[in-house]
Amino acid sequence: APPPHNQDTKRPARQNQQRATMADVGRSRSRSPERGPPPADNGAPPPSGGGGGGGGSEEVRLYIGNLSYNTDENRLRSEFEAHGTVTDVFLPQDRNTGRPRGFGFVTYGNRNDAMDAISKMDNIDLDGRTIRVNESRPKGEGPGGFGGGGGGGGFNASGAADVKLYVGNLSFDTTESSLRGCFERFGEVSDCFLPADRDTGRPRGFAFVTMPAADAERAMRETDGTDLDGRTIRVNESRPRGDRGGGGFGGGG
């Protein structure tokens, strides 16, 4: 029989082999799953004209404000086609009278053309009116917009038929007649109110003008920041106190 010490030397060897095998199993279990090959375009620049706001191939709709009633769709299209491909022109009309409402929308096939048109056409004279051109956006998203205006859900968020406008920073020389005349250029004024100081009877320097919603929005756009009787007036949607956004019944001028 082999000497006893040979059995003792074999046991540690087998134990070491078992430990090594278990360590290998442990390592195999802890490895991260193998990843597949990287995508073919990994690290490649995005295609030109793609989303990032640079060139942009998406259609962009522009709002055109303060249009003359004599400006028709063909006239508007011809002016804006000088700056790129126009895919659509729309001039809203009053549903009751059929008259133009004094603003329109021009859609370009890509953002580059639209931005060029804004830079070249905003505040120029067209058919005797200084037009306003900016990007049209949904209500509550800032300038232009289908609702535009005073924040907090957009102009006329309640959808009322008539809208009361707050007119601030008025001259004390401004009368109800002159204020009404200023706003009647944009539509029918159903109410015009200039609060007076209860003690002195002097005007308080602000007023409220009520008009049909569409006309009120246009009037707000075109009169805010303009001169009336030597003062730069502030015009926005009047809202109850505590309602953020426009002028509020308590002011904002």
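Is arginine 221 buried or exposed? Arginine 221 is buried, with a relative accessible area of 16%. The views below come from a predicted model, so let's take a closer look, bearing in mind that buried means under 20% relative accessible area.

**View 1. Glutamate 58 meets arginine 111 in a salt bridge.** Here the N to O distance is 3.0 Å. Glutamate 58 belongs to the loop between α1 (4-30) and β1 (60-65), while arginine 111 is in helix α3 (residues 111-121), so the pair ties together parts 53 residues apart in sequence. Glutamate 58 is partly exposed at 36%, whereas arginine 111 is buried at 17%. Look for Glu135 too: Glu58, Arg111 and Glu135 are linked in a network of salt bridges.

**View 2. Aspartate 122 and arginine 132 join in a salt bridge.** Their side chains meet at 4.0 Å, N to O. Aspartate 122 lies in the loop between α3 and β4 (125-126) and arginine 132 in strand β6 (residues 132-135), so this pair connects parts 10 residues apart in sequence. Aspartate 122 is partly exposed at 27%, and arginine 132 is partly exposed at 33%.

**View 3. A patch of negative charge lies on the surface.** Glu59, Asp72, Glu73 and Asp88 gather here. Glutamate 73 is part of helix α2 (residues 73-80) and is partly exposed, with a relative accessible area of 37%.

Technical notes:
Residues numbered from 1 in each chain as written. Predicted model: local features only at pLDDT ≥ 70, side-chain atom pairs only at ≥ 80, totals over all residues. Heavy atoms only, no water. Patch = residues over 30% accessible without salt bridge, like charges linked within 9 Å, V, L, I, M, F, W, Y side chains within 5 Å. Areas by Shrake-Rupley, 256 points an atom, 1.4 Å probe, with all protein chains shown as cover. Lys, Arg positive; Asp, Glu negative; His and termini not counted. Charge placed at Lys NZ, Arg CZ, Asp CG, Glu CD. Helix = DSSP H or I, 4+ residues; strand = E, 2+ residues; numbered from the N terminus. Buried < 20%, exposed > 50% of the residue type's maximum accessible area, 1.4 Å probe, protein only.
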